[in-house]
Structure formats: structure tokens, C-alpha cells
Amino acid sequence: MRKISNKQREIRRKLNKVYSQISYERGHYCEGCGKAEGDVPLSHSHIIPRSRRTDLICEKDNIQYLCLSMGERKGCHEMWESRDKSKLLCYHKNLEYILQEDTEYYFLITELNA
């Protein structure tokens, strides 16, 4: 079994607390396609990837519900991480957040999807 550092354990603890708050505060539906939990499995998805901005890992505004892939159906979580992100209902809202928090990433995304 892989040992988890104290720092990673603390991040995980804080993130689980944020996930719990989001679950209490928000509706349980996919922000990418609008499907409700129960129709599709939902996942917490970071708008700006954790690997890019570690300072935003536990920021509620950087986390959304997106559905996971099932069988042949490509989920919104997978779409957000690909070039298909512009097809999602939350695309423009996410771009506004990205522009506010990480201008370089904003231009990277918009150039890739042009």
C-alpha cells in the first residue's frame, strides 16, 4: 500500500469537507448536460485542473458536478478534459471563471478550441 504524505492527507481532508459542503449547497445534476443524479453518475470536476493550480484545489468555485462516461456514452467529465468542452452547457460560465483566475490557461483553452 502506498503511503500518503501528511500534506496530501490534509489536502484530501479539506477537499472532502468542500465536497460535502457542495453536496449540501448545490443541486445534484450535471452542469455540462443537465442530467440529474440517478440518471447518470456524477463526479466532482475541477474547472482549472488540480495539477495546474494547486492553490485552487479546495476552492468551491473551481469545482462542479459533471457526469461520468457510461458504456458508449461519453460523459461531460471526460468532455471537459478534451477538445469537446465547448459542447457543454457550462462552457461559457467556466471560461469566465478561468479568465478571472488564470488568464494564461484561458487563452490556451480558447486557442485549442478555435
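**Reading the terms in a predicted model**

Q: In this predicted model, what makes the charged end of Lys85 count as sitting over the ring of Trp80?
A: The charged end of Lys85 lies 5.3 Å from the centre of the Trp80 ring, and because the rule asks for a distance within 6 Å, together with a position within 35 degrees of the ring normal, Lys85 is described as sitting over that ring.

Q: Why is the pair of Tyr106 and Phe107 called edge-to-face?
A: The count comes to 1 aromatic pair. In the pair of Tyr106 and Phe107 the centres are 5.1 Å apart and the planes stand at 85°; since ring centres within 6.5 Å make a pair and planes over 60 degrees apart count as edge-to-face, both parts of the description follow from these values.

Q: Why is Phe107 called partly exposed?
A: Phe107 has a relative accessible area of 43%, and because buried means under 20% and exposed means over 50%, a value in between places Phe107 among the partly exposed residues.

Q: How do you know that the buried residues of α3 line one face of the helix?
A: Helix α3, covering residues 91-101, has Tyr91, Asn94, Leu95, Tyr97 and Ile98 as its buried residues. Seen down the axis of α3, these buried residues fall within an arc of 165°, so they line one face of the helix. On the face turned away from that buried side, α3 carries the exposed residues His92, Glu96 and Gln100.

Q: How do you know that the radius of gyration agrees with that of a compact globule?
A: For 114 residues, a compact globule would have a radius of gyration near 13 Å, and the protein has 15 Å, which agrees. The C-alpha atoms fill a box of roughly 40 × 35 × 30 Å along the principal axes, and buried residues make up 35% of the 114 residues.

Q: What are the secondary structure elements of the protein, and how do they run from the N terminus on?
A: The protein has 4 helices and 2 strands, and from the N terminus on its elements run α-β-β-α-α-α.

Conventions:
Residues numbered from 1 in each chain as written. Predicted model: local features only at pLDDT ≥ 70, side-chain atom pairs only at ≥ 80, totals over all residues. Heavy atoms only, no water. Phe/Tyr/Trp six-rings, centres within 6.5 Å; stacked < 30°, edge-to-face > 60°. Buried < 20%, exposed > 50% of the residue type's maximum accessible area, 1.4 Å probe, protein only. Rg over C-alpha atoms; globule rule 2.2 N^0.38 Å. Arc of directions from axis to C-beta.
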